[in-house]
Amino acid sequence: MSNVRTIRYYHAHLYYHDEQSLEQAHRLAAECAERFEVRVGRFHRQPVGPHPCWSCQLSFAPQSFGDIVPWLAIHRGDLDIFVHLGTDDDLFDHTQGVIWLGRSHPLKLEQFRQHRQG
């Protein structure tokens, strides 16, 4: 059982794999930022951290979840989106506090397991 008590933020990672889907991700992120209070991160053209695909991170407050995530679900097109909560437990956040919009992808979680062990 986790000791998580507070969700401090949410991240929605837009996954893409080529120039065409990268352009879709740019459009989706821009539209989302026009409608909601989100912080748009960098658009990576290589896998970063635990993410197996190219990705861009959208960050938003917990109270915005009910507006942003359904909007992303409807407007995501062919993009897969990994949504996770943000606490002080990265392994929990990326395994137990997740929602996939579209297809799910296996994450590279070893860095979080090593951090937990010491």
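Ala12 is found in strand β1 of this predicted model. Ala12 is buried, because its relative accessible area is 0%, and the cut-off for burial is under 20%. Ala12 and His94 are 82 residues apart along the chain. The C-alpha atoms of Ala12 and His94 are separated by 11 Å.

Strand β1 pairs with β4 in the antiparallel sense. Seven bridges join β1 and β4. His11 stands opposite His84 in β4. Strand β4 covers residues 80-86. Seven of the seven residues of β4 are buried, so the strand is largely enclosed by the rest of the structure. Strand β4 also pairs with strand β5, which spans residues 98-101. That pairing is antiparallel too and runs over four bridges. Here Phe82 stands opposite Trp100 in β5.

Aromatic pairs were examined next. A pair of aromatic rings is described by the distance of the centres and the angle of the planes. The structure holds seven aromatic pairs. One of them joins Tyr16 and Trp54. The ring centres of Tyr16 and Trp54 lie 6.2 Å apart, with 75° between the planes. The geometry of this pair is edge-to-face. Tyr16 belongs to strand β1 (residues 9-16) and Trp54 to strand β3 (residues 54-60). The pair thus links distant parts of the chain, 38 residues apart. Tyr16 counts as buried because its relative accessibility is 1%.

Phe36 and Trp71 form a further pair. The ring centres of Phe36 and Trp71 are 5.8 Å apart and the planes stand at 70°, so this pair is edge-to-face. The cut-off for that class is over 60 degrees. Phe36 lies in the loop between α1 (19-35) and β2 (39-43). Trp71 lies in helix α2 (residues 65-75). The pair therefore ties together parts that are 35 residues apart in sequence. Phe36 is partly exposed, with a relative accessible area of 22%. Trp71 is buried, with a relative accessible area of 9%.

Tyr10, Phe60 and Phe65 form one aromatic cluster.

Definitions and conventions: Residues are numbered from 1 along each chain as its sequence is written. This is a predicted model: local features need pLDDT of at least 70, side-chain atom pairs count only at pLDDT 80 or more; totals for chains, interfaces and linings use all residues. Side-chain values use heavy atoms; hydrogens and water are left out. Rings of Phe, Tyr and Trp (its six-membered ring) pair if their centres lie within 6.5 Å; planes under 30 degrees apart count as stacked, over 60 as edge-to-face and the rest as tilted. Helices (H or I, at least four residues) and strands (E, at least two) are DSSP runs, numbered from the N terminus. Buried means under 20% relative accessible area, exposed over 50%, partly exposed in between (1.4 Å probe, protein chains only). Two strands pair if DSSP finds at least two bridges between them.
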